[in-house]
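Please look through the notes below with the model open beside them.

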Amino acid sequence: MRKTIVVLLVILLAAPVFLSSAGAQEEDVNRVAYIARAQADSFAAWLANSILIEAEKYPDITVDVMDGQADDATVNAFIENSIVNQYDLIILQANNAEAQRPYVEQVVDAGIPIILTNPRIEGIDGTHTVDADPYEQGAVNARLAVDQVPENANVVILNGPAGNMHSTARREAWQKEFLDERPDVQVVGEQIAHWNKEEAMAYMEDWVQSISRIDAVISMNDNMAAGALEVVRGDSAFEDLLVYGVDGTAEAALLIEEGLLTSTSFQSAYELARLNLDLADRILSGEVTDYVHTDIDCPLITKENVHILREAHEDAGNL
Amino acid sequence: MKINRDVVSARWDMIKTRFAIYMVLVGMIILASFLSPVFLSPRNLTNIARQVSVITIMSFGQTLVIISGMIDLSVGSVMAFAGIMSVSTYVATGSILSGVVVGILVGVACATINGLIVTKLKVPPFIATLGMLTAARGAALLYTEGQNIYQLGDYVMLGQGSIFGIPTPIYFLVGLAIVMWYLLNHTKFGRYTYAIGGNEDAARASGIRINRNKLTAYIIAGAFVGLAGVLFMSRVNAGLPNAGIGYELDTISIAVIGGTSITGGTGSATGTLAGAFIIGILNNIMNLLGVQSYLQQIIRGTIIVMAVAYDSFAKTRRKVG
């Protein structure tokens, strides 16, 4: 039995060597490390998958994806390992900007080009960035809501994790572009649902009990908006409920088509991937001589143009 | 007169020892009913039951495993993996029954692996199930490439439907509570489980087949977790590969609050049910009152410790007395 366990252990420990592509590396191929925030996060997974698909268009680039597991220590270890492994370029999706800052500076000091994506980390010289503007992602929905939300409305708000830059910026947009513009509107409930559908469902179930009237749900992402909608689906008392999200997920496309989700803003992982790989290719071929900072658009998606979202997800095989 | 007072006092001590956690639950219900006018509304009460149903079913499995002196850290990941496979089966076949069966079988398969690693390879349960926690999560993410599965159609009836006005998950909850209670209190397996958890050497000396009982405990727990995965995914109307993160800690907390000893040998289905509702009511009343998220976490942690401390204190006083 002991010998069997030893043999199994050796095989398992050796497996990564055979399963990885490093063994078959050609000299002319550029090695890119993509450090994902957390592949268990559906948006981060979508972006990682899109990066891999986009990388196939570049025969002189290979991408190794590393899962940061939403843990700063893990992400930082991957950054350090990527320096030691002498990758030609690193693309980093930070979990926490400040926690990753000193490690990004190490990459810059090591002379390895680095692209910061979704989110960018401000104020580090020597980095390139590709991101979406989270303030604008919230703002496009908020500006629509200014005209749509009825007078003296009661609204509830679902936030992402505390301290998350995207959630904070989107919430700031809703404050400035909607709540400050509409002082008649009352926020009757606000909670942190950690981007999670089931947490949002539980909050909405309780709010429906304790709040006499809810006119709108403001959510910092589509997942949580979808959770709130599950609670009131089919309930005629909430026929006119307005619900706003961000991301433009496949589920959001379905919900907008059904007339349940009012609007979202499309944070296209496909577009982020395209820009990241295009920039990586230009950096590695020496075309880029200055530091590049790019934002993707965050178009507002409503029932009128939801076909844009559907087509994007159908092309990617998500619908 | 003095004798009657002593008898009454002794009876009251016995009641407090045996029913401490239920008294905490009743106390919370009474307090919550004063704090919010809608707390006792039928809709709110069914909301609570529906919200706790998945985690309670998982906690029954965890309770069984802990009573027999083991632990299962993989319940959250296995729940997600089983739920994903269940949803995929339904999407592929259109059969809800097939989806449910596959979900349960996946839970059982993962639990069987846990049980074999513990009983045959003699790996501590903490380590064995820690490995499964990672592996099952990886399997769920690999299968779905990290993406959610949508368009579940009639599958959602299991988690969102109702029969005679009572949400379907509550029927599962009550049914499995009865199954769990019967298993622990009226079967040889239940008695052996308590014996093994209480004193494994003595149980072995009395002829109980330890490994077989432990493996069976994991398998039954796996079936509970698999079914919980089915209900979870149907409730959220999506196959979520990242579901259930942290649920292992919740199920252990619920079991311990309900009187299950973390060292084994003690616990009950009704206690676990009470523990789940204590947490569920706590979450519910704080949401009804609009308590801010950060404060909720502090209050939750404090009340959990106080509830268990009261229960432990009552039992300790009884032993000393």
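1. Helix α2 of chain B, residues 42-67, has a bend of about 45° at S53(B). The bend at a residue is the angle between two axes, one fitted to the seven residues ending there and one to the seven starting there. Helices (H or I, at least four residues) and strands (E, at least two) are DSSP runs, numbered from the N terminus. Just after α2(B) comes G69(B), with a positive phi of about 90°.

2. A word on the source: this is a predicted model, in which local features need pLDDT of at least 70 and side-chain atom pairs count only at pLDDT 80 or more, while totals for chains, interfaces and linings use all residues. Residues are numbered from 1 along each chain as its sequence is written, and chains are lettered from A and ligands numbered from 1 in the order in which they are written.

3. Is α2(B) mostly covered or mostly open? Mostly covered: 21 of its 26 residues are buried. A residue is buried if 20 or more other C-beta atoms lie within 10 Å of its own, exposed if 12 or fewer, and partly exposed in between, with C-beta atoms placed from the backbone. Over the 321 residues of chain B, the buried share is 50%.

4. Chain B contains 13 helices and two strands. Its radius of gyration (taken over C-alpha atoms) is 20 Å. This agrees with a compact globule, because one of 321 residues would have a value near 20 Å; the rule used is 2.2 Å times the number of residues to the power 0.38. The C-alpha trace of chain B spans about 75 × 55 × 35 Å along its principal axes.

5. Chain A is divided into domain 1 (26-131 + 269-297) and domain 2 (135-265), with bounds from an automatic or database domain assignment. Taken over C-alpha atoms, the centres of the two domains are 31 Å apart.

6. Chain A also has an open sheet of four strands in the order β7-β6-β8-β9, with parallel pairing. Its edge strands, β7 (186-192) and β9 (242-244), each pair on one side only. Two strands pair if DSSP finds at least two bridges between them; β6 (residues 154-159) and β8 (residues 216-219) of chain A have four. V156(A) has V217(A) as its bridge partner in β8(A).

7. Where the chains meet, 26 residues of chain A are in contact with 25 residues of chain B. Contact means that the C-beta atoms of two residues, placed from the backbone, lie within 7 Å. Helix α7(A) gives nine residues, the largest share of the side of chain A that touches chain B.
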